[in-house]
Number of protein chains: 2
Amino acid sequence: MLESPKFDSLEGRSHEDEEAIYGLNDQTVQQIREFLDDNKNDEIRQKIGALHSADIADLIEHLKPKHRSKLLDIADDLIEPEVYSDLDDTVREDLVDEMETAEIAELVNELELDDAIDVLDDLEKDEQQDVLKELPAENRMVIEEGLSYHEDTAGRLMQRDLVAVPDYWDIGQTIDYLREADGLPGDFYEIFVVDPRHHPIGTLRLDHAMRSRPNVPVSDVMHREQKLIPVSMDQEEVAYLFQQYRLASAAVVNNSGALIGMITVDDIVDVISEEAEEDILRLGGVSEDDLFGSILETTRTRFTWLLVNLFTAILASVAISLFDATMEKVIALAVLMPIVASMGGNAGTQTLTVAVRAIATRELTASNMFGILRKEAIVAFLNGCMFAVLIGLVSWAWFGDGDIGWVIALAMVVNMVVAGVAGMVIPITLERYEIDPAIASSVFVTTITDIIGFVAFLGIASMVLL
Amino acid sequence: MLESPKFDSLEGRSHEDEEAIYGLNDQTVQQIREFLDDNKNDEIRQKIGALHSADIADLIEHLKPKHRSKLLDIADDLIEPEVYSDLDDTVREDLVDEMETAEIAELVNELELDDAIDVLDDLEKDEQQDVLKELPAENRMVIEEGLSYHEDTAGRLMQRDLVAVPDYWDIGQTIDYLREADGLPGDFYEIFVVDPRHHPIGTLRLDHAMRSRPNVPVSDVMHREQKLIPVSMDQEEVAYLFQQYRLASAAVVNNSGALIGMITVDDIVDVISEEAEEDILRLGGVSEDDLFGSILETTRTRFTWLLVNLFTAILASVAISLFDATMEKVIALAVLMPIVASMGGNAGTQTLTVAVRAIATRELTASNMFGILRKEAIVAFLNGCMFAVLIGLVSWAWFGDGDIGWVIALAMVVNMVVAGVAGMVIPITLERYEIDPAIASSVFVTTITDIIGFVAFLGIASMVLL
């Protein structure tokens with residue numbers, strides 16, 4: 001009888017230890033770094049041989065470029081093509097840049113279609129052509145077709161290998177076919193049932209097929225209801241379909257409706273992570289994941305967003321400068337001024353975060369936007385009133401001037417309501433004009449809350465106090 | 001021959017139209033609202049009957065509470081239990097709150113285990129007991145066991161129904177068992193192979209099983225390498241395993257290593273969305289998804305974060321007040337002062353966003369943190385220098401005073417470097433003390449960049465200009 005070694009190693013471990021069981025741990029990385037420095041090639045090969053390809057990818061990401069090249073020299077044969085699929089795009093591009101054309105062709109040839117296309121897509125046009133020339137004709141055709149689909153569409157996500165059977169077959173014929181056919185996909189959950197034009201008409205889940213007698217017709221067991229994915233559908237839309245209808249796999253069809261590929265839920269897991277990551281980074285003012293980017297690249301991509309922010313900050317300063325005479329007379333205004341702007345900025349960010357997320361998950365649409373906008377305005381007003389009282393009392397106590405308390409309280413209510421409304425209206429408007437709300441909302445909202453914050457406070461002050 | 005109606009409706013559609021094909025569209029929502037107002041019950045029932053359960057859930061979320069109750073009265077029998085699984089938690093809680101104990105019991109009884117537990121978990125302790133009492137004994141036991149696992153652990157995610165076969169069976173026996181057994185799970189991708197103690201020793205993919213001859217022993221076809229999931233593992237960890245090793249399903253084991261359930265990749269899709277959503281909302285200062293929350297609830301949850309921000313804003317004002325004499329003499333300082341703080345805040349937010357995300361995806365760990373911190377500091381310095389030149393020239397031109405230009409330039413470099421370092425060090429430190437970096441990083445970072453921004457600028461000014 002066989003024992004599972006993994007299970008035994010689990011026994012008696014506490015919850016804290018669990019993290020160490022799976023994935024790459026820092027000690028391993030450290031050890032391999034030392035081995036690399038000391039040229040202990042056998043030890044390195046032994047360590048690498050014991051790691052899962054996904055963990056080898058993590059290891060490579062964690063190493064310095066110098067160590068990466070050394071590792072590839074020493075353990076090249078142990079590093080399977082899948083490692084390249086799992087690598088961060090930036091790191092993979094760096095590695096591929098150092099390869100000869102023939103090496104790239106060999107790698108591309110061994111990768112799964114979607115990964116092969118990713119690698120080729122990163123190359124310069126000439127180099128891409130050179131690599132394509134080195135590929136076997138059949139593979140080359142498939143890859144060229146893949147490259148012809150737009151990035152981030154179903155065409156790029158799908159795999160071409162799938163199992164399709166005619167609807168007049170029975171389960172027995174299907175099983176015989178599976179046992180004898182070559183070139184079937186590595187993993188699949190469903191068999192597609194097609195008509196003579198190769199149009200999908202239903203799907204046969206493997207578990208349902210296995211539980212049916214051999215003489216049952218496929219068309220009796222298949223599900224007729226299926227979500228077909230046009231090859232040009234955006235990957236975000238594809239991910240939505242998989243989530244909304246809990247799909248395990250789905251057929252991809254071309255413009256004339258013929259079955260040309262399939263997408264499985266494990267590909268979607270990556271898309272969902274990517275799309276969520278994109279939203280998180282964009283909301284934080286980062287255009288792309290640059291953790292592994294070079295210093296110059298990272299500096300450049302961050303610069304753009306900061307430049308926009310410099311412009312809006314200067315705009316806010318111009319607004320302040322309108323009231324310099326007022327501030328000169330009552331310097332307490334200069335001291336308190338950032339509070340109203342900061343609270344507005346935070347309240348606005350709260351609302352816009354909820355809005356951006358709800359737009360992405362389609363919880364916020366044209367049909368409920370007015371109700372939700374009304375709610376946000378009331379919430380903003382209620383919180384505005386509470387914080388008005390708080391900051392009014394603090395300011396009064398601090399500067400011993402009741403008027404300053406009133407002024408800041410009033411400005412607070414105004415700016416909080418503006419923040420709540422802008423935080424909802426701006427992402428909705430951007431979405432309507434097909435601008436990604438995640439990328440642009442926060443600069444608009446904070447510019448508005450800064451300027452309104454300063455102008456409301458200093459403006460009311462110059463009317464009341466002077 | 002059968003025609004797929006879905007395919008025909010796709011033909012000739014442009015990319016823009018695709019969005020309308022799947023999911024709920026705003027026109028349908030609007031129409032149902034009107035039907036509800038006009039008491040057109042037959043039309044409502046017809047519309048609902050044509051919708052997928054996931055789309056009915058979206059519809060209910062989009063309606064006002066008054067319309068929701070009315071819809072449930074009219075079309076109760078058309079609303080399958082799955083609709084409740086797909087509903088937003090807040091909305092589901094509202095609906096369940098209005099049900100009688102017997103109705104809740106009926107719903108719980110029909111739901112899948114994880115959803116049944118979710119519904120029960122939201123109830124008050126007494127009501128939970130009342131509902132449990134109404135359940136059939138067998139179901140009750142399973143649910144009570146489920147409730148005993150911590151929220152957000154593998155125990156809550158897993159389903160109990162799975163297919164396990166002994167390793168001495170052959171493929172033929174396995175297929176016969178599948179054809180005859182009752183109570184098999186609705187959907188499954190893998191069969192678990194267990195030893196006599198019911199410990200998992202391998203997995204048999206359905207596609208591999210189907211492609212093998214009946215007389216082949218299961219142990220010849222099964223994969224021995226598998227990732228076992230302890231029942232107490234955190235769901236974030238489970239999602240990491242599925243993503244890292246591209247799992248389709250995995251066995252869940254209890255403390256003594258026996259197979260007690262399985263988790264499939266489609267459950268993980270939801271976990272990944274949830275965890276990413278949590279990070280996005282927390283980074284935006286929102287503690288939970290409150291789109292469908294009541295006005296008072298939303299006001300309350302937003303208040304906490306804003307209160308923290310009020311405190312830090314006052315702290316920044318106190319810092320400014322140290323330099324009120326300086327500002328009174330050179331009012332240009334009050335005008336320019338928010339720029340340095342704002343640029344620091346944005347640069348800090350960029351870095352902390354990258355750091356929080358990289359910690360969540362485990363790209364940033366102890367083993368590469370010093371390298372990345374060094375890089376961020378250099379990036380911050382480079383951008384700091386560029387923006388120092390820009391803002392220095394702008395300020396010089398604006399106020400015709402070269403000294404003000406020098407002062408703001410110097411303060412900009414200081415604050416940008418502080419921002420870059422704090423944006424990286426703070427999330428890493430919070431993570432080390434097991435505080436979620438997404439929830440607390442941004443308040444720390446912006447407090448630091450505000451205070452350093454004001455103090456550096458006004459402090460250098462009071463030395464240079466006075």
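Biologist: Which residues of H18(B) are buried?
Modeller: Val265(B), Asp266(B), Asp267(B), Ile268(B), Val269(B), Ile272(B), Ala276(B), Asp279(B), Ile280(B), Leu281(B), Arg282(B) and Leu283(B) are the buried residues of H18(B). Bear in mind that this is a predicted model.

Biologist: How many residues does H18(B) have, and what should they span?
Modeller: Helix H18 of chain B covers residues 265-283, which is 19 residues. At 1.5 Å a residue they should span 27 Å, and the end C-alpha atoms are 27 Å apart, so the two values agree.

Biologist: What comes just after H18(B)?
Modeller: Gly285(B), with a positive phi of about 80°.

Biologist: Moving to H10 of chain B, which residues are buried there?
Modeller: H10 takes in residues 113-121 of chain B, and Leu113(B), Ala116(B), Ile117(B), Asp118(B), Val119(B) and Leu120(B) are buried in it.

Biologist: And which helices do the buried residues of H10(B) pack against?
Modeller: In chain B they pack against helix H7 (81-86), helix H8 (89-97), helix H9 (101-110), helix H11 (125-134), helix H12 (137-148) and helix H13 (154-157).

Biologist: Take Leu113(B). Why does Leu113(B) count as buried?
Modeller: Because 20 other C-beta atoms lie within 10 Å of Leu113(B), and the cut-off for buried is 20 or more.

Biologist: What does Leu113(B) touch?
Modeller: Not counting residues up to four places away in sequence, Leu113(B) touches Val142(B), Gly146(B), Gln159(B) and Arg160(B).

Biologist: How many Å separate the C-alpha atoms of Leu113(B) and Asp267(B)?
Modeller: They are separated by 12 Å, with the two residues 154 residues apart along the chain. Asp267(B) is one of the buried residues of H18(B).

Biologist: New topic, the contact between the chains. How many residues does each chain put in?
Modeller: Chain A puts in 124 residues and chain B puts in 124 residues. On the side of chain B that touches chain A, helix H21 (residues 331-360) of chain B gives the most, with 16 residues.

Biologist: How many residues on that side of chain B are nonpolar, polar and charged?
Modeller: The side of chain B that touches chain A has 66 nonpolar, 29 polar and 29 charged residues.

Biologist: What is Ala334(B) in contact with?
Modeller: Ala334(B) sits in helix H21 of chain B. Leaving aside neighbours within four places in sequence, Ala334(B) is in contact with Met327(A), Ala334(A) and Met327(B).

Biologist: Is Ala334(B) buried or exposed?
Modeller: Ala334(B) counts as buried, with 27 C-beta neighbours inside 10 Å.

Biologist: How far apart are Ser342(A) and Thr365(A) by their C-alpha atoms?
Modeller: The C-alpha atoms are separated by 29 Å, and the residues are 23 residues apart along the chain.

Biologist: Next pair: at what angle do H19 of chain A and H22 of chain B cross?
Modeller: The axes of H19 (residues 295-321) of chain A and H22 (residues 369-399) of chain B cross at roughly 35° and come within 9 Å. The crossing of H19(A) past H22(B) is right-handed.

Biologist: Which residues of H19(A) and H22(B) meet?
Modeller: From H19(A), Ile295(A), Thr298(A), Arg302(A) and Phe303(A) are among them, and from H22(B), Lys375(B), Asn383(B), Met386(B) and Phe387(B) are among them. By class, this contact of H19(A) with H22(B) has 13 nonpolar, three polar and two charged residues.

Biologist: What domains does chain A have?
Modeller: The domain assignment gives domain 1 (23-149), domain 2 (164-283) and domain 3 (295-464) for chain A. The C-alpha centres of domain 1 and domain 3 of chain A lie 47 Å apart.

Biologist: Last one. Where is Glu434(A), and what is its phi?
Modeller: Glu434(A) is in the loop between helix H23 (402-432) and helix H24 (437-464) of chain A. Its phi is near 55°, a positive value in a residue other than glycine.

Biologist: Is Glu434(A) buried or exposed?
Modeller: Glu434(A) is exposed, with 6 other C-beta atoms within 10 Å.

Key:
Residues numbered from 1 in each chain as written. Chains lettered and ligands numbered in written order. Predicted model: local features only at pLDDT ≥ 70, side-chain atom pairs only at ≥ 80, totals over all residues. Contact = placed C-beta atoms within 7 Å. Helix = DSSP H or I, 4+ residues; strand = E, 2+ residues; numbered from the N terminus. Nonpolar A, V, L, I, M, F, W, Y, C, P; charged D, E, K, R; others polar. Axes fitted to C-alpha atoms, helices over the stretch in contact; angles between N-to-C directions. Left-handed = near helix turned anticlockwise from the far one by under 90°. Buried ≥ 20, exposed ≤ 12 C-beta atoms within 10 Å, placed from the backbone. Domains from an automatic or database assignment. Expected span 1.5 Å × (residues − 1).
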